[in-house]
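Biologist: I am new to this structure and would like to learn how to read it. Could you take me through it one feature at a time?

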Amino acid sequence: MKQLKLAATARTPLVILDPSAGTLVMDGESYPEDVNGFYQPIMDAVAAFCAQPKARLTVDIKLIYFNSSSARALSDLCDLLDAQAGDGASIQLTWFCDDDDDITREFAEDLALDMVHLRIAIAKLQKDG
């Protein structure tokens, strides 16, 4: 399986799914004009990776802003990860939040409560500089 790398833009985060390292990183802001067009390749790649026997994936989400359409896509991604974890994949998701960002923290906390198999850790986002 090849690495999926989507460069950050003004409206989309950096996304790197590295199969050899077993990592998925999403970093930046998410408010793409075509949410489905942006997130579907990520969903497809994650599903393909997690379908491998004994799949192990570490997910770090570091989004400093996302709109409501992206929130739905992120919820769908977590549902996919939850289902994959239920099917035997080993998945650890850490959602990084700024201390001042109650909205993002509450979103991550609500997602964590909805998951059956996937555990979501919430961590402090380290600011650069």
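Modeller: We will go from the whole chain to a few single residues. This is a predicted model, in which local features need pLDDT of at least 70 and side-chain atom pairs count only at pLDDT 80 or more, while totals for chains, interfaces and linings use all residues. Residues are numbered from 1 along each chain as its sequence is written, and side-chain values use heavy atoms, with hydrogens and water left out.

Biologist: How many helices and strands does the protein chain have?

Modeller: Helices (H or I, at least four residues) and strands (E, at least two) are DSSP runs, numbered from the N terminus. Here the protein chain has three helices and six strands. Starting at the N terminus, their order is β-β-β-α-β-α-β-α-β.

Biologist: What does the radius of gyration say about the protein chain?

Modeller: The radius is taken over C-alpha atoms, and the globule rule is 2.2 Å times the number of residues to the power 0.38. For 129 residues a compact globule would come out near 14 Å, and the protein chain has 14 Å, so the two agree. Its C-alpha trace spans about 40 × 30 × 30 Å along the principal axes.

Biologist: What share of the residues in the protein chain is buried?

Modeller: Buried means under 20% relative accessible area, exposed means over 50%, and partly exposed lies in between (1.4 Å probe, protein chains only). In the protein chain, 46% of the 129 residues are buried.

Biologist: And how should I read contacts in the protein chain?

Modeller: Contact means heavy atoms within 4.5 Å. Of the contacts between residues at least 6 apart in sequence, 64% join residues at least 24 apart.

Biologist: Which residues is Tyr39 in contact with?

Modeller: Tyr39 sits in helix 1 (residues 35-50) and counts as buried because its relative accessibility is 3%. Setting aside neighbours within four places in sequence, Tyr39 contacts Met26, Ser30, Ser70, Ala73 and Leu74. By contrast, the C-alpha atoms of Tyr39 and Asp102, 63 residues apart along the chain, are separated by 24 Å.

Biologist: Where is Thr104 placed, and what does Thr104 contact?

Modeller: Thr104 belongs to helix 3 (residues 102-114). With a relative accessible area of 4%, Thr104 is buried. Beyond its neighbours within four places in sequence, Thr104 is in contact with Leu63, Phe66, Trp95 and Cys97.

Biologist: Is Met115 buried or exposed?

Modeller: Met115 is buried, at 6% relative accessibility. Met115 lies in the loop between helix 3 and strand 6 (119-124). Not counting residues up to four places away in sequence, Met115 touches Cys78, Asp79, Asp82 and Ile120. Between the C-alpha atoms of Met115 and Lys62, which are 53 residues apart along the chain, the separation is 19 Å.

Biologist: Several cysteines have come up. How many disulfides does the structure hold?

Modeller: A disulfide is a pair of cysteine sulfur atoms within 2.5 Å. The structure holds zero disulfides.
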